[in-house]
Amino acid sequence: MKDRAARRDVASRAPPVQRGGPAGELAVVLKPGKEKSLRRRHPWVYATAISHVTGEPVSGATVAVRAADGTWLAWAAYSPASSIRARAWSFDERDRIDAAWMRARVKTAVAARSALAASGNALRLVFGESDRLPGLIVDRYGDQLVTQFQGAGVDAWREALVEALVEATGCANVFDRSDGATRAREGLPPISGVLRGAEPPEMIEIAEHGLRFLVDVRHGHKTGYYIDQRDNRRLARELARGFVEQHGRGPLALNCFCYTGGFSVAMLAGGAAMVHSIDSSAEALRVAKAHIELNGLPAGAAEWDGGDAFDALRSLKSQAAQFDLIVLDPPKFASSHHHVERAARAYKDINLNALKLLAPGGNLLTFSCSGAIDVDLFQKIVAGAVIDSGVEAWLVQRLAAASDHPLMMTVPESEYLKGVWLRRVR
């Protein structure tokens, strides 16, 4: 009865859909020359590109996006409070943006990740613009789904999307973590709580490439865990194992901004003799220590530092410490383009000090999750750190998020996580 009532509620609360033609339609009309990005299928329409709006679309309403000459360009979700005033759903005029369309998009997104089940039971099922559901993030932890409705459009279609997710995955439990800063920029209040099924347990155990981790979906960072680093953690494990094979001993490793110790566990599982892990959160370190025990790894090989990573790196440098394998996975330093200069200095600082701690022949995996710092800029920042450190290093490989976070080629902003793997030559 409850599910049937929820489905009736979806139908009654469905957002307004597009009308049949220009007369009386809800539309965003662009200024002359501002249609180029839409023609290249980039989904964002900034407020500064808009000439005028026809009708009175409410937040989340589907609007037509038209060029200055009236040519139809896209169906989009309207967001009156955001600088990104509309986000395109579709570039096909024949599409009808309704509950069936949402259901089809969710089904396609979930099916596209089906081959990744062998890597573990923690996956990103929907990745916003890359799945043509701008602003929607959905992660799966075993039988638990965790959602983030970060855009006005997907927020308006919340009920229909939740129904579609339950149908596509068979997961009865859906918990919402729409409590990030992005919603404020969309004029939406932060919310979190159960959307379907039961309250999630305090910790959910997941499997990742044969390792076990605990996830707090109610209070943890993002949706509880950094799923995007799954394959990079496996790389760190392989590098530790390769070091053992080459040198006959385990590497000395350093994990800065370790959060709940994902990279630390991976490196210890690969045979690291010692991993020194740094994070300012006592709660994150508590969980990290539990992960060592959960995976049957030697507790004596794990050192924990609850201080500031910037200060800790300088302290280790003053002690002339050396490490064979270092991971830098800091939080977002630049939330927008206004913070790029400050963020660049921070990235330069941690990489410079890490390079001075890296033993010859050692490997550094360094990352940025700041969307405002693009791949080229991040590589330039790291290159500057290499130059100033006085060491010589190879760029072995560029790193990115796992494949369940695909880059939509027409939306370069979706490549928020970027990294480089450096090897110190001397």
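A salt bridge is a side-chain nitrogen of Lys or Arg within 4 Å of a carboxyl oxygen of Asp or Glu. This structure holds 27 of them. The model is predicted, so to speak of local features takes a pLDDT of at least 70, and side-chain atom pairs count only at pLDDT 80 or more, while totals for chains, interfaces and linings use all residues. Residues are numbered from 1 along each chain as its sequence is written, and side-chain values use heavy atoms, leaving out hydrogens and water.

**Stop one.** Select R233 and E208: they form a salt bridge, with the closest N and O atoms 2.8 Å apart. R233 sits in helix α7 and E208 in strand β12, 25 residues apart (helices are DSSP runs of H or I, at least four residues; strands are runs of E, at least two; both are numbered from the N terminus). R233 is buried at 4% relative accessible area, and E208 is buried at 5% (buried is under 20%, exposed over 50%, partly exposed in between, with a 1.4 Å probe and protein chains only).

**Stop two.** Now pick E341 and R345, whose side chains meet in a salt bridge at 3.5 Å, N to O. About one helical turn separates them, because they are four residues apart in helix α11. E341 is exposed at 61%, and so is R345 at 52%.

**Stop three.** Go to R424, in strand β20. How far away is the nearest side chain of opposite charge? That is E392, 8.8 Å away, and the buried R424 has no salt bridge (Lys and Arg count as positive, Asp and Glu as negative; His and the chain ends are not counted). Show the backbone oxygen of L358 too: it lies 2.6 Å from a polar atom of the R424 side chain.

Methods. Polar contact = N/O pair within 3.5 Å; in protein donor to acceptor, adjacent residues only side chain to side chain.
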